[in-house]
Amino acid sequence: MIETLEWTLLDGEHALLVKGDMRRARERFDYAYAEAAQRGEAAALARAALGLGGMWVHEHRTAAAVATVRLRQREALSRLDADSPLALRLRIRLAAEDDYGAGGMDAIMALVSEARAADDPVALAEALSLAHHCMLGPGDGARRMELARELIGVASRTGRRSDLLIGLLWRTVDLLLDADPHAERALGELRIALDGEGQQAIEFVVGAIEVMLLTRAGRFEQAEERAATCYERGMAAGDHDAPGWYVRQLAAIRWYQGRIGELVPLLTDLLNSPMLPAVDDSPYAGLAVAAAAAGDRRLAESMLARLRRGVLADRPRTSTWLMSMYAIVEAADLLGDADLAARAGTLLAPYAGLPVMTSPGIACFGSARHSLGVAAITAGDLDLAITHLRRAVHENLALGHWPAVALSRSRLGQALAMRDGPRDEGARRQSALAAQEADALGMHVPRYVAERVTCRAVGAQWRVELGARTALVDHCVGMLHLAALLASPGKEIPAADLAAGSPDAVPGQASAQRVLDGPAGRAYRSRLAQLDAEIAELEANHQAQQAQQRRAERDWLVAELASATGLGGRPRTFAGSEERARTAVGKAIRRAVDRVAIADPVIGEELRATVRTGLRCSYDPG
């Protein structure tokens, strides 16, 4: 009959390596450690301490749990012969935990070499898996793949099924992170190896990958249901990553549904969870974009400020780094922070060819070139944005990530419209394709392309805007008419009413209408009131020069308003036939549009295509 201590150790090892039941394994090894310590049995103490480490790196999350397990492993190591196999395995575990926390891999890779030299297959298998786990950030794909392949081979020597399963899992993850077209074949091989005798820990990871693939296919409802099932499976297995993975998967689904703002409370809770890995800053980034989408600018900027010393600093790239950068770029775009977008783009550039994926493949946001394109749009480099987004569309097609294809097409349409105007054929084609793809998937694609030209009086000038494009033009009578048309898109206004100064007049009443009573006049008077307040504040602060500048602008505005009135302040009227009004207003508007075109040809061409003159005038952005 096997004595109690040995049986407890065997039960713990069976639970961990065969069943993948991390919760039961911890309970068994914790009990075994106490028994071994009481009896003073060094080998049993070492086996229990190794088992407490678990299957992956950083399984223990709270400060108390980490410190306790680390202390036990060091204590067990101190009681062993330094050259024994158990001592080597404990040194491997301790080195991996240290490297993971520091974002390095030198110590664990040195012990991989030592395990090879010792010709200890079990120690080598553990070293290979833990080393692989320490380099899941972007840029280490080739090294990781070598480790995974070696682990698959070493598994035939250890005789432990778990080593083979872990090797096949890491190979699948590597192919996914590298956007390899054979990744799903590798996943199929892993499923076959799992068939029959279950392994909860690895089945949990496989389930999370399947959620990601459903999201990439645009099957959002099914993905959400599977994510909930996966969460329950992870919790049952005792995997502390289950809550965090579930929130990230839900965030990916909600992002493509256009509902990311709904997750602010859930992401806030996750941010404060002690179960998050110590090196994971991605919840800050996720909360930043969710808050920005929900309109909470203060919260979004607060989260981004926290990231400037972490993800945005020159620190090791973790397995969630790319996802964090994706969220940062989108938040910067929503907040209009061009400097942050440019900084993020510079950091992302070396990883342009990779998919934005959270290891081990639990969530995917498509090609990293999409983020580079959005960053370039926000920073104002439209040519660069178009280059990145064209490639992002093709790379997302290759991934089979249909929601990302639609989003990249939409952003490409935006960049083309900003550069070449919203009536550009290429911009319209990309936007139309994006809308069609989004409708087919039941997802939300924001309307990024500005469809309207707007203008407002700014002192002695007019600011005319189309999306991110801006033109400043000097005042002229035609700009008053143009301002009235732009303020009422799709509405026909008689030329006589525009000439008389009232676009709100009843059709057919072309006389005795007030000049500057429409939107343009209201803009003038609003600016006049603003100037009065600014002059008073500047004079109170003894800023004479600035106050004089404001007075000059005020005097100009007063003169303009005075020119629009007759004797005794009575409003001037436009006298004459509708034909005279048509001719005068048409010429004035065309001269105004010519001024806009000189300042910005794209806005000018848009106005020429959308402003109609004649007896009845209109602005129809279509």
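Helix α23, spanning residues 477-486, is mostly covered, with nine of its ten residues buried. The structure is a predicted model. Its chain holds 28 helices and eight strands. With a radius of gyration of 33 Å, well over the 25 Å that the globule rule gives for 622 residues, the chain is more spread out than a compact globule.

**Helix α23**

- The buried residues of α23 include the glycine Gly 478, the histidine His 481 and the methionine Met 479.
- The buried set of α23 also contains Leu 480, Leu 482, Leu 485 and Leu 486, together with Ala 483 and Ala 484.

**Overall dimensions and packing**

- Taken along the principal axes, the C-alpha atoms of the chain fill a box of roughly 115 × 55 × 35 Å.
- Of the 622 residues in the chain, 54% are buried.
- The chain has an accessible surface of about 26,800 Å², and carbon and sulfur atoms account for 50% of that area.
- When contacts between residues at least 6 apart in sequence are considered, 62% of them join residues at least 24 apart.

**The largest pocket**

- The volume of the largest pocket is about 820 Å³.
- This pocket is lined by 47 residues, and those closest to its centre are Tyr 100, Val 279, Thr 318, Ser 319 and Thr 320.
- Two or more lining residues come from each of the helices α2 (22-39), α5 (85-102), α9 (161-177) and α13 (242-257).
- The element that gives the most to the lining is α5, with four residues.
- Sorted by class, the lining of the largest pocket comprises 22 nonpolar, 13 polar and twelve charged residues.

**Gly 361**

- Gly 361 is placed in the loop that runs between β1 (355-358) and β2 (363-367).
- The relative accessible area of Gly 361 is 0%, so this residue is buried, the cut-off being under 20%.
- Beyond residues up to four places away in sequence, Gly 361 touches Ala 208, Ile 209 and Met 212.
- Gly 361 and Thr 172 are separated by 189 residues in sequence, while their C-alpha atoms are 8.9 Å apart in space.

**Thr 215**

- Thr 215 belongs to helix α11, which covers residues 200-216.
- Thr 215 is buried because its relative accessible area, 4%, falls under the 20% cut-off.
- Residues up to four places away in sequence aside, Thr 215 touches Phe 220, Ala 223, Ala 252, Ile 253 and Pro 403.

**Met 323**

- Met 323 is found in helix α17, which covers residues 321-335.
- The relative accessibility of Met 323 is 10%, under the 20% cut-off, and Met 323 therefore counts as buried.
- Apart from neighbours within four places in sequence, Met 323 is in contact with Arg 248, Ser 282, Val 356, Thr 358 and Phe 365.
- From C-alpha to C-alpha, Met 323 and Ala 300 are 16 Å apart in space, with a sequence separation of 23 residues.

Methods
Residues numbered from 1 in each chain as written. Predicted model: local features only at pLDDT ≥ 70, side-chain atom pairs only at ≥ 80, totals over all residues. Heavy atoms only, no water. 1 Å grid on protein atoms, 1.4 Å probe; cavity = no way out; pocket = protein on both sides within 12 Å on 5 of 7 lines; lining within 4 Å. Points joined across faces, edges and corners; volume = space filled by probe spheres on them. Nonpolar A, V, L, I, M, F, W, Y, C, P; charged D, E, K, R; others polar. Rg over C-alpha atoms; globule rule 2.2 N^0.38 Å. Buried < 20%, exposed > 50% of the residue type's maximum accessible area, 1.4 Å probe, protein only. Contact = heavy atoms within 4.5 Å. Areas by Shrake-Rupley, 256 points an atom, 1.4 Å probe, with all protein chains shown as cover.
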